[in-house]
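Open the model in your viewer and keep the selection panel at hand. The tour below goes from a sheet to a pair of helices.

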Amino acid sequence: MPTARRPHHQTVSRMDSSPECLRLGTDRPAAQQVVMVPGTQVPLVRFDLPKGLRGQAREQVAQRQLADRTGLRQGLTLHPCPPLDRKTQGGKAKGAHKWHQALIAENQLLEQLQDLSCQAVLPDYMTLPTAPEIWTLCRDHLPLAAPADAASFSTADSQEEIVMARLGPDDGFSAQPALAEAQLERALSTGPTPRAWLLLSPQGEADPLIALAAAHGIPLVHDTSDLTDLGLPTPRVLQHGELACDLRRNPMAARNQLERQLRPWRWPLLAGALAATVWAITQSLATARLEAETAAISRRTTQLVQEVFVPQGPMLDTRLQVSRALDTLHRASNANRKTSDPLTLTAQAARVVASAGQQPELLSYDESEGLLLGLQLDDFAAVDQLYSALDSAGLTVQLRDSRVSDGQDSVRAEFLITGPSPKPQTAAQTGARP
């Protein structure tokens, strides 16, 4: 049997200070090396996300668009790939653009990559040198898995040729030669034309990639030094932020771990939510009952006020209308009561007190009560005599208080005179001379 050929692109030579890149499965990677997986298994997909999406909503819309394209609802994981060409993004990769493009990989492949100890795991086309407005293409051979019938398997069929293409810092793919030509044709027809192609592994003048570049008038170079003569920047390897697209970093791993931690608590949380719902319903019923009772009391109060205070007219403001009705009744009551001039009452009372040989100690008038007369008398008999004199003088009098003060022999008496008496007055009763 002929010996198997060594893969053409097991490693990519380092440019500048970029780390060494190894094919997956060729050797045990070192901590500073980058492991390459077949780009045919990890395509870079772009999404048309609506503006204004934030947080998990961006991821959900991207997953729904991927499911619509592939028809697969499960088994695939999206790795957001931020824009690598920072000049087109204002100097930094903004979070709003994070999910506009993503690397798509099967879950089974990603599980195999978790145990790798290296600097990063990237699709092979991301390890090609690139620069803005420069497309880099390289042919490579990938080993194929042996069929079940090993006797019919030859080493000539154990290699699959692929084309790796890096269409500037923000795009790339790996595909079989025929499919790669079709994708390049489509990229040239829908996007801007690059200023040069860097072909790292030419196959001669008959190479279809050379013919494609010539057909579109694109300068084709095979060495980075030729780009300097064209006034173009030197392509760089892994200098555009590619390491941030490490396939071992599952963006949903933290969420899945949190879900596993919260799963044992879902039944207690559900019970708590149910108890809170029952309590809320109970409080709602109690509130509704109180509102119904308050409404019934309000209707009864309105009915009573309308019957007693506002028999006619609508009920607009119960408190104000009751206050006005009470004020009206109070004014009517005062109008019906006979009132006397305080000076006249004082003069009449003074004449009676002077005729009795007494001297008042207190004279106080209150509009709501009347004239209050206070004085000291010798005994209770003198109190009765003064009361009879005031009453005989035609005054309406009331004995408010009569008491003996401590340490004194006299009697303290207070009379309330409210107005003239309807009794006829005589000269003898008033003490005046005829």
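**Stop 1: the sheet**

Select strands E4, E6 and E5, which in that order form an open, antiparallel sheet of three strands. Strands are DSSP runs of at least two residues (E) and helices of at least four (H or I), numbered from the N terminus; two strands pair if DSSP finds at least two bridges between them. At the edges are E4 (44–46) and E5 (76–80), each pairing on one side only. From one strand to the next, the twist averages 40 degrees.

This is a predicted model: local features need pLDDT of at least 70, side-chain atom pairs count only at pLDDT 80 or more, and totals for chains, interfaces and linings use all residues. Residues are numbered from 1 along each chain as its sequence is written, and side-chain values use heavy atoms, with hydrogens and water left out.

Next, select E5 together with E6 (residues 101–106): five bridges join these antiparallel strands. Pick Leu76 and its bridge partner in E6, Glu106.

**Stop 2: the helix pair**

Now select H3 (residues 177–190) and H4 (residues 208–215), whose axes come within 11 Å and cross at roughly 15 degrees. Axes are lines fitted to C-alpha atoms, for helices over the stretch in contact, with angles from 0 to 180 degrees between N-to-C directions. H3 is therefore roughly parallel to H4 (angles under 35 degrees count as such).

Show side chains for the contact (heavy atoms within 4.5 Å): Glu181, Leu184, Glu185 and Leu188 of H3 meet Pro208, Leu209 and Leu212 of H4.

Notes:
Angles under 35 degrees count as roughly parallel, over 145 as roughly antiparallel, 65 to 115 as roughly perpendicular and the rest as oblique.
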